[in-house]
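Here is a short briefing to read alongside the sequence and the 3D view.

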Amino acid sequence: MARSFIERARFKENLMGIIGIALIILVAIAVFFWVNGGEEKLYYKDVIVLKSDTPAHTVITEDMITTKKIEKSALIENVIVSSDQIVGKESVTFLPMNLQLSTMFFLDPGMVVGDGMYVFPLPQEWLYAMPQTLRRGDTVYFYPVAGEEAEAGTKVSTYVTSAKVAFVKDSSNKEVVDMSEERLDASGTATRIEIVIDDSIYKILKNGFDNGEKYIVTYQ
């Protein structure tokens with residue numbers, strides 16, 4: 001009986017020793033992880049920045065960018081974290097070096113305003129319908145509808161003009177972007193679009209609306 005009691009005591013003592021050693025090992029692993037980048041991975045994120053001040057209308061190349069660690073709590077909206085998001089794009093405005101970059105700062109080459117072109121927020125009352133899968137960079141075509149056509153929800157066979165989409169935004173003025181490779185998986189509901197136009201395109205769209213037309217928007 002006494003021997004059984006002693007054996008149980010020794011077993012508990014050995015078990016506590018094993019648990020103690022395991023805890024020491026776990027603490028050592030945690031400290032090693034923390035010292036070797038664990039803190040940075042937990043609180044910081046690598047983002048893309050420019051190596052030098054960059055003027056507006058500059059097409060970004062791989063050699064112009066680098067990465068910088070930014071606290072996750074300080075990240076801006078739509079921050080760029082991959083070179084694929086920026087290389088080949090054109091800057092909309094002057095961008096200082098080491099600044100956090102947003103997708104809103106860049107457009108496809110040729111879409112940045114200049115030479116008589118400008119970004120125009122299409123009034124919602126001009127629109128009859130537009131697809132929810134519309135995204136920045138798409139080319140949109142405007143089909144006028146009026147009267148019986150509008151009531152029937154049909155479009156005429158010929159579009160009156162086309163334009164490049166600068167931004168597609170939701171009701172809170174945030175850009176609608178794809179959340180995956182499928183366009184149906186979006187960050188929000190598209191409620192308005194901004195397009196790159198000149199005065200001739202504006203006049204076509206405005207004259208049509210003034211004459212009682214609205215537009216069905218399609219894209220490719």
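Predicted model: local features only at pLDDT ≥ 70, side-chain atom pairs only at ≥ 80, totals over all residues.

Numbering starts from 1 along each chain as its sequence is written, and side-chain values use heavy atoms, with hydrogens and water left out.

**The sheet**
- Six strands make an open, mixed sheet in the order β5-β9-β8-β7-β10-β6 (strands are DSSP runs of E, at least two residues, numbered from the N terminus; two strands pair if DSSP finds at least two bridges between them).
- β5 (118-121) and β6 (127-129) are at the edges with a single partner strand each, so one side of each has no neighbour in the sheet.
- Strands β7 (residues 139-145) and β8 (residues 161-169) run antiparallel and are joined by four bridges; Thr139 has Lys164 in β8 as its bridge partner.

**Ile195**
- Ile195 sits in strand β9 (residues 192-197).
- Ile195 is buried, with a relative accessible area of 0% (buried means under 20%, with a 1.4 Å probe and protein chains only).
- Arg136 is 59 residues from Ile195 in sequence, and 9.0 Å away in space, C-alpha to C-alpha.

**The largest pocket**
- Of the 15 residues lining the largest pocket, Lys89, Thr103, Arg136, Glu175 and Val177 lie nearest its centre (a pocket is an open set of points on a 1 Å grid, where a 1.4 Å probe fits, with protein on both sides within 12 Å along at least five of seven lines; lining residues have an atom within 4 Å of a point).

Technical notes: Buried < 20%, exposed > 50% of the residue type's maximum accessible area, 1.4 Å probe, protein only.
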